[in-house]
Amino acid sequence: MRAQSSAINQRRVAVGTGPAEVPRSVGRGGTLQAALGVVAFSLTFPATAWGLEGFGPWSLVAVRSVLAAVIAGGCLLALRVPLPGRRHWAGLAVVAAGVVVGFPLLTTLALETSTTAHAAVVVGLLPLTTAVFSALRMGSRPSRTFWCAALAGAVAVLAFTVTQSGGALGTADLYLFAALLVCAAGYTEGGRLARVMPGWQVIGWALVFCLPFSVPGALLALSYEPVRLTAHSVTGLLWVAAGSQFFGLVVWYRGMAAIGIPRASQLQLAQPLLTLVWSVLLLGEHLTVAAPLTAAAVLVCIAVTQRARG
């Protein structure tokens, strides 16, 4: 009976519901991996801004996908990993559409006209959006407190974007809000798949499955958009490909599988604040008072949602 209860509890931990009695060693390892993923993601916007100094938006996204797929494919071949079962293909397609294509493309287009600090505050809603998708996908019923905090966070970010955009949402804001939705779907589905296959294989196969589209897309984009290779542009490209698109997602999905989606999402509270720091240190951007204040307000709202979910 005790063994059966333990097995049930482990399944609850994996989906992020129920009593989360994660073994201490597993919890520490999962927390460390998820935290490394957050650090990698926090550098994505500054690295993208660097990449845009020498590449067009479509070229940058397509080439980063190809480079990340080459890394992932090499690992899969070297370890002779078999193809995932057909039952997982739909989930991998969601990961590919949301994390490999949708989020990078939409945020890159947004960063053509938006500062990284502004984008970081808007995308600071990602943990909250992921928690909502997770609740809907896993069939759980969050409390009224959860939904009130989620709504408050959304209102705070919406007020920030409208104020910063001169009274109306700009095109960059629409790109960022769309990026939130597709990325949250990809994170949730990736976290679910990471319970049945290693996290690095989840993102690895998603990247490889995109190759038939990313390779022609890269060739076409490079033929139309001018390329100017500089230290910044090359560094930015390499980081978003190897760091954000592969390494970051590998450790992030492994962390989510180990400690559950809600607990991992708590660590993402630090991501917008870290990005604000990088935007100042690496890009020399000047922050308005509203940016850190809104990021802090969103942080509080997300913390409330996590406590509300238990």
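Is Cys 183 buried or exposed, and what is its relative accessible area? I started my notebook with this one, and Cys 183 turns out to be buried, at 1% relative accessible area. A reminder to myself: this is a predicted model.

Entry 1: I then looked up Cys 210, which has 8% relative accessibility and so counts as buried, the cut-off being under 20%. I also searched for disulfides, and the count came to zero.

**Entry 2: aromatic pairs.** I searched the whole structure for aromatic pairs and found six. One of them joins Phe 41 and Trp 252 edge-to-face, with 6.0 Å from centre to centre and 75° between the planes. I was pleased to see that this pair links distant parts of the chain: Phe 41 belongs to helix α2 (residues 24–42) and Trp 252 to helix α12 (residues 231–259), 211 residues apart. Phe 41 and Trp 252 are both buried.

Next I turned to Trp 89 and Phe 209, another edge-to-face pair, with 6.3 Å between centres and 70° between planes. Here too distant parts of the chain are linked, since Trp 89 is in helix α5 (residues 89–111) and Phe 209 is in helix α10 (residues 199–209), 120 residues apart. I checked accessibility as well: Trp 89 is partly exposed, at 35% relative accessible area, and Phe 209 is partly exposed, at 28%.

I also noted a cluster, in which ring pairs link Phe 41, Tyr 187 and Trp 252.

**Entry 3: helix α10.** Phe 209 made me curious about its helix. How many of the eleven residues of α10 are buried? I found that nine are, so α10 is largely enclosed by the rest of the structure. The buried ones include Trp 200, Val 202, Ile 203, Trp 205 and Leu 207. I looked up what covers them, and the list includes α4 (57–78), α5, α9 (171–193), α11 (211–224) and α12.

Leaving aside residues up to four places away in sequence, Ile 203 touches Val 99, Val 100, Gln 245, Phe 246, Leu 249, Val 250 and Tyr 253.

**Entry 4: the core.** Which residues have the most contacts inside the largest nonpolar core? My list reads Tyr 187, Val 202, Ile 203, Leu 207, Trp 252 and Tyr 253, in a core of 58 residues. Helix α5 gives the largest share of this core, nine residues.

Notes
Residues numbered from 1 in each chain as written. Predicted model: local features only at pLDDT ≥ 70, side-chain atom pairs only at ≥ 80, totals over all residues. Heavy atoms only, no water. Phe/Tyr/Trp six-rings, centres within 6.5 Å; stacked < 30°, edge-to-face > 60°. Helix = DSSP H or I, 4+ residues; strand = E, 2+ residues; numbered from the N terminus. Buried < 20%, exposed > 50% of the residue type's maximum accessible area, 1.4 Å probe, protein only. Contact = heavy atoms within 4.5 Å. Core = buried A, V, L, I, M, F, W, Y, C linked by side-chain atoms within 4.5 Å. Disulfide = S-S within 2.5 Å.
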